[in-house]
Amino acid sequence: MDGPFYLPLADEMAVFEAAVAARLPVLLKGPTGCGKTRFVEHMAWRLGRDLATLACHEDLTATDLVGRYLLSGDETVWMDGPLTRAVRSGAICYLDEVVEARKDTTVIIHSLTDHRRVLPIDKTAEMLSAHHDFLLVISYNPGYQSVLKDLKPSTRQRFVSIEFDYPEVEAEAVIVETETGVAHDTAVRLARCGAQARNLRERGFEDGVSTRLLVYAAHLIVQGVVPRRACEAALVQAVSDDEDLQRAVADIVDVIFP
Amino acid sequence: MISLSEVHASLSLFAESFTGQPVAITTVEDTRGCWPWTEAPAAQPVSLPAHMESRASYRIVLLHQLLRQVGAVSDLLASPAGQVLDLVESHRVMAEIRRDYPGATEDLRRVAQAAAAGVPAHEGPGGLAESAAAIMALLRWHSLSQGSAGQTDGKRATAVAVFDQVLRADATGRTSVQVASELMALLYGDDSLAFAALIDADPDEYGESVPTESSTGVSLDGGTPSEVVDSDGLAGGQLSNDLSEHDYASQQADESESLPPGIDLPKASGLRSLPARSRTYVYDEWDYHRRQHRPAWCRVIEEQLSGNDHDFLNGVRARYPQLRAQIRRSMLRLPAQQLVRVHRSLDGDELDLDAAIEAVTDRRAGAPVDDRLQIRRDRASRDVATAFLVDLSASTSSPAVPPEPEVFENTADPMDDPMSHGPVWDAPPVTDPVRRVIDVAKDAVALMADALHELGDLYAVYGFSGTGRDAVEFKVGKDFDDRTSTTSWASIGAMKPLRYTRMGPAVRHATAKLAMVAASTKLLIVVSDGYPQDVDYGHDRNDRDYGMHDTARALLDATNAGIEPFCVTIDPAGHDYLRVMCPDGRYLVIDDVESLPEELARLYLGTLGD
């Protein structure tokens, strides 16, 4: 019963389970640190599936996902990539921040996410049919507004979308408290800091103070760090390098904590 | 002592974290102009003094104003009702701060104590007078010294008890209104006038009503009073529905718009209203006479433009089809568009021979082999951010092409025509609406922006104008992080001639915006049509040098911040002053307005091409 903790905020679990049953790929939309990855971990645990999580970055190519030949002594050996392994074994493959990856990854995603459910591996000339249980989950943060890094409609429309956002103060306090065992009072204060700092989302930091950062701060507090210092280290310094913004977030912490 | 300009930026962010939207901060001359040194309600939502002893003092004064839910309006400023309401609300907010913002309690105690010391002794708790004014002074002292009213009895004790009702944890702005009304009845025997409309308002009209324990027995829900009051229904017009700060601001927003361009407004008073959803910024100004900055001299009011000409871009494209094609062709040739070959990659289009040979020899020698043997081709991303800053002064409404004198060529008398039924005069010729300088400037900027968008470059389009140092208007057509869309083009199309040209602060603000963008090349292109000038740009209105030196300084600061500024001026006499303002080669003077789009494109491409 000790799976990863996740506090459902709406009907996201039901939608996800339905998508799994119908073998439909899922797109998780939401700002960083609001619980997307935790949600997938929790659902994988609930459904008893293996999970392969891949953080996408600018240099992640299709090869990194699918696999490549590696030199081994006098010969080359084919090595399955994490996506290929998941497709073969029927795991959940979670591509975090998929827009960050190179454009050539979309080709693979497309063939895997429609009725074909196949993974073309051109280097081995293999058309790998997906295992019955295989599920592709991608996440996407619409906050990063770059024309060049937008999810194409043709990709987006292959997925069932579930939208995430930061929880309300009460729910977030519960999350912070459960994750860290910090005193309820402190958890509420942290959640209030978070909610207020998120009002500055448009101002330089797109994503605001994430629930993850609040949990970090609470962990530090549990370890005996004074709350103000913990927030300074976990929230203020993390949100931005802009001095004024840091100052404003520090002020929020300063007036809310005794 | 610190000046507001030092803390303005971070404090306005702090304020925004409470409201969720921009908070305009007004400067008052000294501390006596705002709480807790005066209980006179401020006409503006948030007012801060130009100087205070510390940042903590600024923060507590700001926090107190942010948490207020009820504020009186100017009609009420001097009336007892306004003072009572303000005092009660202030008392409530102080209790809220002590309860919910423990980190600010010490600051609150400190400033309140300082202010309480200023309450004259005869008004303090020692006096015996039962006059309304004396009791008001007692309440004020009681509030500032945080619950030590001392020995009181009779009416004074009742007043304090009523007053302290707002200390309850569930008290809201509405509670304050009720308590203020009770106090008015107690002190002045008059609650009908000022608060009648508030108390008698039918709560059902305003959604769910939550009964309170107030002794007056009225039911008012927990929202802000602005929802309750109807300005038309007010007795004596003492309270109006603009108790809410934002309503107040938005109501006044159009007031200045209706002024004819170029009119002489009074000097910055600090009481001018701000459009809703505007942000304020404070900048220093360079005084070349004293050779030093005037601290916190100018207030820039940034506002997002919105327009409804959703066909603006298509119009621009249609007007300049050839130039558009030309710009696109030139842009594609810009050097940064080339592909970059990345050697020693894991995957790629071709074999990296050097790496392969090395790998073979390594293997023969028994050394570990690096298996990155390929060459990859990467499309290098361009890393240029461009801000266009367009002068929106009143003079840009002049025609782009001076109208030619009309010539009447048709001298034939219709009566000479045997087929004529009589004199038929030509209908007035159909003429296009006169193209103004601003229209051409907008076209030029839009053409460039369109090309930059296709290229994937970061760009922003701003306009500026203003009247006086307190109101430098900075209009955002498209900001760097706005998406390019029909809406953003319509916003750019909505730029129109306004008032004066205070260029320095606008350049400083655009510089600040560019500084926040991550790009290796940053360009600031200022498109103006004449001298920097404003009603109070310099000690003497006719002193053109002041504005030029200030602008030159701002441009120099931009250069020092790693930004490349360019000035494009539509002005046949431009050479003289641009030489002072801009470094050589960084300016362009155009005498033919219609050539602006072409010249602007040439300037841009010339800059990036070298």
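Predicted model: local features only at pLDDT ≥ 70, side-chain atom pairs only at ≥ 80, totals over all residues.
**Entry 1: chain B as a whole**

I began with the overall make-up of chain B, for which I noted 18 helices and 15 strands. Of the 610 residues in this chain, 43% are buried. I then looked at contacts in chain B between residues at least 6 apart in sequence, and found that 69% of them join residues at least 24 apart.

**Entry 2: helix α2 of chain B**

I next checked the length of helix α2 of chain B, residues 55–67, whose 13 residues should span 18 Å at 1.5 Å a residue; the end C-alpha atoms are 18 Å apart, so the two values agree. I listed the buried residues in this helix as B:Y58, B:R59, B:I60, B:V61, B:L62, B:L63, B:H64 and B:Q65. What covers these buried residues? I found that the cover includes α1 (4–19), β3 (46–49), β4 (51–52), α3 (80–100) and α4 (105–117) of chain B, together with α11 (243–256) of chain A.

I counted B:A15 as buried because it has 25 C-beta neighbours inside 10 Å, where 20 or more are needed. Leaving aside neighbours within four places in sequence, B:A15 is in contact with B:V23, B:V46, B:L62 and B:L66. I also noted that B:A15 and B:L63 are 48 residues apart in sequence, while their C-alpha atoms are 7.5 Å apart in space.

**Entry 3: where the chains touch**

How many residues of chain A are in contact with chain B? I recorded 25 residues of chain A in contact with 22 residues of chain B. On the chain A side, the elements that give two or more residues are β3 (67–72), α8 (184–198) and α11, and α11(A) gives the most, with nine residues. By class, this side of chain A has 13 nonpolar, six polar and six charged residues.

**Entry 4: the nonpolar cores**

I then looked up the largest nonpolar core, which has 161 residues, and saw that A:A217, A:L235, B:L389, B:V445 and B:Y462 touch the most other members. Helix α13 of chain B, residues 437–455, gives this core its largest share, 12 residues. For B:V445, not counting residues up to four places away in sequence, I listed B:F388, B:V390, B:V461, B:I492 and B:V527 as the residues it touches. A second, separate core has 37 residues, among them A:L28, A:V40, A:L95 and A:V99.

**Entry 5: B:L392 in a loop**

I found B:L392 in the loop between β10 (384–391) and α13 of chain B. Is B:L392 buried or exposed? It counts as buried, because 31 C-beta neighbours lie inside 10 Å. Not counting residues up to four places away in sequence, B:L392 touches several residues, including B:I438, B:F464, B:K475, B:M495 and B:L498. I noted as well that B:L392 and B:E473 are 81 residues apart in sequence and 9.3 Å apart in space, C-alpha to C-alpha.

**Entry 6: helix α7 of chain A**

Last, I checked helix α7 of chain A, residues 169–180, whose 12 residues reach 16 Å from the first C-alpha to the last, close to the 16 Å expected at 1.5 Å a residue. Its buried residues are A:E172, A:A173, A:I175, A:V176, A:E177, A:E179 and A:T180, and they pack against α8 and α9 (211–222) of chain A. Just after this helix, I saw that A:G181 takes a positive phi of about 75°.

Definitions and conventions:
Residues numbered from 1 in each chain as written. Chains lettered and ligands numbered in written order. Helix = DSSP H or I, 4+ residues; strand = E, 2+ residues; numbered from the N terminus. Expected span 1.5 Å × (residues − 1). Buried ≥ 20, exposed ≤ 12 C-beta atoms within 10 Å, placed from the backbone. Contact = placed C-beta atoms within 7 Å. Nonpolar A, V, L, I, M, F, W, Y, C, P; charged D, E, K, R; others polar. Core = buried A, V, L, I, M, F, W, Y, C linked by C-beta atoms within 7 Å.
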